[in-house]
Amino acid sequence: MTSQLSCVKGVNNPSILGNQWCDSPWTLVTKTINAMKILHPDVDFLLWTGDTVAHISNDKMNVTINMDVMANLTKAMNDTFPDKKVYATFGNHDYYPASQFPAVSNIIYNETAELWKQWIEDEEQLTNFRRGGYYTRLLPPHNKVRIVALNTNLYYTSDKITVNETDPTGQLQWMRLVLQLAKSNSEKVILAAHIPPGIHTPRGVQWFQDKFVQPFNSIVKDFADVIKAMHFGHDHYDGFKVFDDNSGKPAIPLFVAPSVTPWRFILNEEVTGSPHNPAIRLVTYDRDTGDHVNIDQYRMDLSASLPQGDGDFTRLYSFTESYKLQDISATSLDSLITRMSAQAGGDDLLNTYFNFTLTGAQFESCDQTCKTRILCGFRHYTSAEFNKCERDNSDASGTGSRVAAPTLLIFLVALLSLLR
């Protein structure tokens, strides 16, 4: 059965809500979308950060299956939120073959543009999407905040099609031009995509190909006064980072949304992904300034729900309440990182953060290597910087040294993965 093809660890009979070794069955997907409607029906808009298609080997997939899955979820989102805009981006599994996004127009770009044209609307932006899977839209009704939706899968280390490209589809040049125009028009920007820049912790993995790291990061830093926040998926786990501006001042918060799919990776018998619950989030922001105020994180307790074959999404945490912050700006997150780095109380905060990344699936202790990697990953965006930070603090760990940290409405962010 197709519903079992994503499962690992020998699971061959997932429940109606799935399994923590499998991608989301349709029942879990529809319960998730309905939960978003129930929790807060009057959102401004929704962000959909990709990986709609399941983790199934290429020999079991094809373009038709991929596009059927994309169409099924697009229809479900439209049916549930008929009067809301959904700003969607590709995930690496949304292409066939998986992750091999090309730098030229193709059937998947073109057919997805047709599916999402009621959300993108503008013909010029649909042309951009057909060219490379990216677009921008100004948010009504105030028209002061702009969504810039990118196809960062083009920069993914698993994409072998773009290894000889310097700016596949011209997206980097386009991104700089859009941000410059937004600055000229006194607009603020919320940037959304699937593959995040920086280092995924505590594994210590850089998702971007090396050659794309500096060009992408330099654009972000150059427009740190325009970009109010960045939202990504891909990791399957909750997380955040802080990007500095060119002067070294904390400027842009980056948030990684935990996934709806409970699927866990297996690299080998010793390296597997930790369990995590299906999750969605509500983000409070200022309509005029784009400033981000809070995140309310919701999750379904899958272990408790599986025996009953039913479950609800309940709030796991409020970012500002749990971390005692006024808001979730870059400055506030920077102060939180400083507190996490402190000798007194830092370990408790880090353990809280680490277990929030697992969306309450189980309690795990974050050892010293885990803590060092998380702290280094908050502020270091390249492998070289991250590795140096880890080495420096590992060398100092014997002396008890800690990593030094440098000195209104609601919308939803969801990473969805589902089966046909």
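This is a predicted model: local features need pLDDT of at least 70, side-chain atom pairs count only at pLDDT 80 or more; totals for chains, interfaces and linings use all residues.
**Close-up 1. Strands E8 and E10 run side by side in parallel.** Here we look at residues 227-232, which form E8, and residues 250-256, which form E10. Three bridges join the two strands.

**Close-up 2. Six strands make up an open sheet with mixed pairing.** Reading across the sheet, the order is E3-E4-E5-E8-E10-E9. The edges belong to E3 (135-138) and E9 (239-244); each has a single partner strand, so one side of each is left without a neighbour in the sheet. From one strand to the next, the twist averages 20°.

**Close-up 3. Helices H10 and H11 pack at an angle of about 80°.** Two packed helices are described by the angle between their axes and the distance between the axes. For H10 (residues 346-357) and H11 (residues 368-379), the axes are 11 Å apart. The angle falls between 65 and 115 degrees, which makes H10 roughly perpendicular to H11. On the H10 side, the contact is made by Asp347, Leu350, Asn351, Tyr353 and Phe354. Facing them from H11 are Cys370, Lys371, Ile374, Leu375 and Phe378. By type, the residues of this contact are seven nonpolar, one polar and two charged.

**Close-up 4. Ring pairs link a cluster of aromatic residues.** The members are Trp48, Phe90, Tyr95, Phe101, Tyr109, Trp116, Trp119, Phe129 and Tyr135. The structure as a whole holds 30 aromatic pairs.

**Close-up 5. Two arginines lie over aromatic faces.** Arg203 sits over the face of Phe265, 4.5 Å from the ring centre. Arg264 does likewise over Trp21, at 3.8 Å from the ring centre.

Close-up 6. Pro97 belongs to the loop between strand E2 (85-88) and helix H3 (107-120). Pro141 has its place in the loop between E3 and strand E4 (145-149).

**Close-up 7. Glu121 has a positive phi.** The value is about 65°, although Glu121 is not a glycine. You will find Glu121 in the loop between H3 and helix H4 (123-132).

Conventions: Residues are numbered from 1 along each chain as its sequence is written. Side-chain values use heavy atoms; hydrogens and water are left out. Two strands pair if DSSP finds at least two bridges between them. Helices (H or I, at least four residues) and strands (E, at least two) are DSSP runs, numbered from the N terminus. Axes are lines fitted to C-alpha atoms, for helices over the stretch in contact, and angles run from 0 to 180 degrees between N-to-C directions. Rings of Phe, Tyr and Trp (its six-membered ring) pair if their centres lie within 6.5 Å; planes under 30 degrees apart count as stacked, over 60 as edge-to-face and the rest as tilted. A charge sits over a ring if NZ of Lys or CZ of Arg is within 6 Å of the ring centre and within 35 degrees of the ring normal. Angles under 35 degrees count as roughly parallel, over 145 as roughly antiparallel, 65 to 115 as roughly perpendicular and the rest as oblique. Contact means heavy atoms within 4.5 Å. Ala, Val, Leu, Ile, Met, Phe, Trp, Tyr, Cys and Pro count as nonpolar, Asp, Glu, Lys and Arg as charged, and the others, Gly among them, as polar.
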